[in-house]
Amino acid sequence: AQTVTQSQPEMSVQEAETVTLSCTYDTSENNYYLFWYKQPPSRQMILVIRQEAYKQQNATENRFSVNFQKAAKSFSLKISDSQLGDTAMYFCAFMPGANSKLTFGKGITLSVRP
Amino acid sequence: NAGVTQTPKFRILKIGQSMTLQCAQDMNHNYMYWYRQDPGMGLKLIYYSVGAGITDKGEVPNGYNVSRSTTEDFPLRLELAAPSQTSVYFCASSPDSYEQYFGPGTRLTVT
């Protein structure tokens, strides 16, 4: 069974600064997908970024980038130039390549201070 | 496109009552999912479907039932509601089983 661990329950960052959210996972699979989802106060789950395990290059989407360390089973999210609208819960999620079930971490609450 | 829609947004049930949470998507996605999110926790998969007529259990299926008679709709049925089913319920759909699109959620309280 896969597990996803987000050990930091909450973080705070000053607007315009950079913050990194940590995630580790455990799996015996070799091919899989990793995701970061954002859940703002509206509760809507929004996909932020996705990483395929077979790709060595770290995924990037505008101000969001990941540091994927396959051997260490680590998948952190870096948010650059933090904005007030980034305030939300962020969930790390894992999906084995063989099926479509997502396993989520417990999430981290990020607050961006003005 | 409306995307994934869920009704109702909120509902209070008494213990032992039954109800159906509705989920619909207009993106012609084959894959659909039901999750529950308990306070301070991530989402847990209840049931999923890979196409019309096909459903399968997720991590926490007990107390729930689903059906998938059309591509668009994936209702979740709660029979004999219990306080442990108080949660926020999310429906999601996906074109390829990788990128999932979520609905706005239904907040259910069982008292």
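1. Ground rules. Helices (H or I, at least four residues) and strands (E, at least two) are DSSP runs, numbered from the N terminus. This is a predicted model, where local features need pLDDT of at least 70, side-chain atom pairs count only at pLDDT 80 or more, and totals for chains, interfaces and linings use all residues. Residues are numbered from 1 along each chain as its sequence is written, chains are lettered from A and ligands numbered from 1 in the order in which they are written, and side-chain values use heavy atoms, with hydrogens and water left out.

2. Two loop residues in chain A. A:Ala16 sits in the loop between strand S2 (10-14) and strand S3 (19-21), and its phi is near 80°, a positive value in a residue other than glycine. A:Ala16 counts as partly exposed because its relative accessibility is 48% (buried means under 20% relative accessible area, exposed over 50%, partly exposed in between; 1.4 Å probe, protein chains only). A:Asn62 is another non-glycine residue with positive phi, near 55°. Look for A:Asn62 in the loop between strand S7 (60-61) and strand S8 (64-69); at 75% relative accessibility, A:Asn62 counts as exposed.

3. Chain A overall. You'll find zero helices and twelve strands here. Along the principal axes, the C-alpha trace spans about 40 × 25 × 20 Å. Of the 114 residues, 46% count as buried. Taking contact to mean heavy atoms within 4.5 Å, 55% of the chain A contacts between residues at least 6 apart in sequence join residues at least 24 apart.

4. A:Leu110 belongs to strand S12 (residues 108-113) and is buried, with a relative accessible area of 0%. Leaving aside neighbours within four places in sequence, A:Leu110 has contacts that include A:Met11, A:Val13, A:Val19, A:Leu21 and A:Ile79. The C-alpha atoms of A:Leu110 and A:Pro40 are separated by 9.7 Å, though the two are 70 residues apart along the chain. A:Thr103, in strand S11 (residues 103-104), is partly exposed at 23% relative accessibility. With neighbours within four places in sequence left out, A:Thr103 is in contact with A:Gln2, A:Val4, A:Cys92, A:Ala93 and A:Phe94. From A:Thr103 to A:Asn58 it is 45 residues in sequence and 21 Å in space, C-alpha to C-alpha.

5. Chain B overall. This chain has zero helices and eleven strands. Its radius of gyration is 13 Å, in agreement with the value near 13 Å for a compact globule of 111 residues. The C-alpha atoms fill a box of roughly 35 × 25 × 25 Å along the principal axes. Buried residues make up 45% of the 111 residues. For contacts in chain B with a separation of 6 or more, 54% come from residues 24 or more positions apart.

6. A cis bond to check. B:Thr7 and B:Pro8 are joined by a cis peptide bond, with omega about -5°. B:Pro8 is in the loop between strand S1 (4-7) and strand S2 (10-13) of chain B.

7. Surfaces. Accessible areas come from the Shrake-Rupley method with a 1.4 Å probe; for residues, only the protein chains shown count as cover. Chain A exposes about 5,500 Å², with carbon and sulfur atoms supplying 45% of it.

8. The interface. How much area do chain B and chain A bury between them? About 1,800 Å², 55% of it on carbon and sulfur atoms; buried area here is the accessible area (1.4 Å probe) that two parts lose on being put together, summed over both. On the chain B side, B:Leu43, B:Tyr98 and B:Phe102 lose the most area to chain A, together 33% of what that side buries. The contact takes 25 residues from chain B and 18 residues from chain A.

How values were computed. Rg over C-alpha atoms; globule rule 2.2 N^0.38 Å.
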